[in-house]
Amino acid sequence: VAEHQTGQKPDPRVQKGWPLGWFGLVAVLVSWAVLYLHWSQDHQLVEFRFFVGIAALFAVLSTLSAHATIDAALGRPDALRLPRWAKDFQNYFQLLAPVGFTAGLIFAHFFWH
Amino acid sequence: MAGQESTNPPRRSNVTPILIGAFGVALLVLLVYVGDQVWTANQVCSSRFPPRATRLDDYWVVFATILAFVLGHASARVPVLRRHRAVTDRAATDETGVLHSPAQPLDDEVELGDGHPTGPVVAVNFAATTFLMIVTFAVGWEAYSFKTLQWPITYFARCATFFGPEISLGVAVIWAFVIGRLLWVFTGPIRITNVPRPPLPLPFWPTSIKLLVVTGTIVIVVFLGRHFLEVGRFPNVGSAFASALFIGVVVAFTLFSAFFNALNPRPIGSWIQAWARRFPILAFLLATVLGMLVGHVYWSTQPLCPVVVAGQASSSEDLDCRLAPTPSASP
């Protein structure tokens with residue numbers, strides 16, 4: 001948004017690297033698909049699979065965050081960059097934080113094991 | 001005038017760090033008290049299955065935590081709006097009556113360190129990474145517990161909540177307040193100008209070492225707690241550890257905030273809020289998971305017994321109904 005308003009050029013220090021975000025997204029979706037397939041064959045241990053799925057999501061997020069930390073330490077800004085079409089979209093997540101908190105509160109209340 | 005406003009570092013208050021530190025010490029005392037009470041109790045809860053309902057009604061937990069979440073957000077947002085209005089007013093009172101310079105970006109509005117990675121940015125990124133890893137470890141431990149038929153962390157936390165529902169409600173409220181204050185942020189009206197941003201003076205290593213000490217302490221407590229879990233009296237020691245962990249994270253953060261505020265011109269909250277603005281999806285996911293944590297641990301209700309699944313009563317499948325003294329006495 002700032003770039004649009006000021007007309008600034010992209011920071012030359014930003015290097016185009018591996019699309020780690022896409023790798024992470026694919027890894028999470030694949031792990032969830034595998035867990036779902038396992039669950040569809042055997043309905044036991046629902047809680048175990050649920051928590052493994054959440055753990056897989058946070059393992060990927062931790063890795064991406066660690067990557068951002070290392071990049072920032074090396075002086076590279078904006079280590080985790082979304083595609084241009086998604087940049088404005090991601091700002092809506094700022095408004096969704098209370099929805100996420102409340103939905104999580106209610107959902108986890110019912111998810112008792 | 002407005003340009004000078006943006007280049008001057010924010011005024012530092014000597015009172016705020018002392019108040020935050022005093023609150024942290026009070027929480028530390030509470031932590032020791034709760035740990036002692038839970039550890040030495042006769043029996044905090046059933047050793048077969050933790051109870052769901054406590055002597056506090058449901059709506060206390062629900063409305064108090066949601067209200068605390070909103071208040072946490074307001075506590076961070078209102079000062080920003082007030083300062084923004086003050087700067088805008090000063091910019092508008094130009095001699096010619098023309099708004100020569102729109103309001104400069106305030107520290108809270110601009111994304112601190114965005115495009116200029118500095119010590120605090122790296123340190124907060126590092127802290128966020130560590131916290132995400134701790135969540136990963138905790139969730140993985142829950143999964144492992146179910147696989148190996150051990151008690152997960154949740155059960156011990158539920159026992160502690162059952163033993164002291166009022167204190168647990170207070171801790172849940174503090175968690176919700178902190179989450180709302182740090183993770184529910186707005187970018188606000190973006191007013192980028194050509195005024196160069198002030199240098200950010202915080203050194204990297206001292207900040208990182210402080211964060212490392214705090215997170216290292218938490219990790220050590222986790223491993224010590226696990227050790228006590230194995231040798232201690234079941235489920236008291238595990239419950240004491242779980243309650244100490246939930247309070248301990250807040251204590252560590254509060255004390256660290258006091259030190260950070262005392263030594264640096266900008267509070268640690270501003271840097272964390274800036275992180276939440278830079279990574280709104282991560283912040284959203286974190287707020288969701290922390291909401292789940294609060295709801296899962298602190299808000300639980302007794303089921304209607306017998307539990308009806310697909311139109312058929314199956315009370316034997318629900319441990320709460322099976323272990324309840326009078327299964328039909330549930331609401």
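**The salt bridge and its surroundings**

Over all chains, the structure holds one salt bridge (a side-chain nitrogen of Lys or Arg within 4 Å of a carboxyl oxygen of Asp or Glu). The partners are Arg55(B) and Glu166(B), whose closest N and O atoms are 3.1 Å apart. The pair links distant parts of the chain, 111 residues apart. Arg55(B) sits in the loop between α2 (15–40) and α3 (58–92) of chain B, and Glu166(B) in helix α6 (residues 165–183) of chain B. Helices here are DSSP runs of H or I with at least four residues, strands are runs of E with at least two, and both are numbered from the N terminus.

This is a predicted model: local features need pLDDT of at least 70, side-chain atom pairs count only at pLDDT 80 or more, and totals for chains, interfaces and linings use all residues. Residues are numbered from 1 along each chain as its sequence is written, chains are lettered from A and ligands numbered from 1 in the order in which they are written, and side-chain values use heavy atoms, with hydrogens and water left out.

Arg55(B) is exposed, at 58% relative accessible area. Glu166(B) is partly exposed, at 42%. The classes are: buried under 20% relative accessible area, exposed over 50%, partly exposed in between, with a 1.4 Å probe and protein chains only.

Next, the loop between α4 (119–147) and α5 of chain B, which holds Leu149(B). Phi of Leu149(B) is near 60°, a positive value in a residue other than glycine. Leu149(B) is exposed, with a relative accessible area of 78%.

Now the helix packing. Two packed helices are described by the angle between their axes and the distance between the axes. Axes are lines fitted to C-alpha atoms, for helices over the stretch in contact, and angles run from 0 to 180 degrees between N-to-C directions. Helix α5 (residues 153–163) and helix α8 (residues 236–263), both of chain B, pack at about 85°, with axes 8 Å apart. That makes α5(B) roughly perpendicular to α8(B). Angles of 65 to 115 degrees count as roughly perpendicular, under 35 as roughly parallel, over 145 as roughly antiparallel, and the rest as oblique. On the α5(B) side, Phe156(B), Ala157(B), Cys159(B) and Ala160(B) meet α8(B) residues including Gly238(B), Ala242(B) and Phe246(B).

Helix α8(B) also packs on helix α9 (residues 268–278) of chain B: their axes come within 9 Å and cross at roughly 110°. That again makes the pair roughly perpendicular. Ile268(B), Trp271(B) and Ile272(B) in α9(B) meet α8(B) residues, among them Phe253(B), Phe256(B) and Phe260(B).

Chain A has four helices and zero strands. Of its 113 residues, 34% are buried. One of the buried residues is Ser65(A), at 3% relative accessible area, in helix α3 (residues 46–73) of chain A. Leaving aside neighbours within four places in sequence, Ser65(A) is in contact (heavy atoms within 4.5 Å) with Asn125(B), Ala128(B), Thr129(B) and Leu132(B).

Last, the surface of chain A. Trp22(A), Leu25(A), Leu29(A), Trp32(A) and Trp85(A) form a nonpolar patch there, with about 610 Å² of accessible area together. Helix α2 (residues 20–41) of chain A gives the largest share, four residues. Leu25(A), in helix α2 of chain A, is partly exposed at 42% relative accessibility. Patches are made of residues with over 30% relative accessible area and no salt bridge; like charges are joined within 9 Å, nonpolar side chains (Val, Leu, Ile, Met, Phe, Trp, Tyr) within 5 Å. Accessible areas come from the Shrake-Rupley method with a 1.4 Å probe; for residues, only the protein chains shown count as cover.
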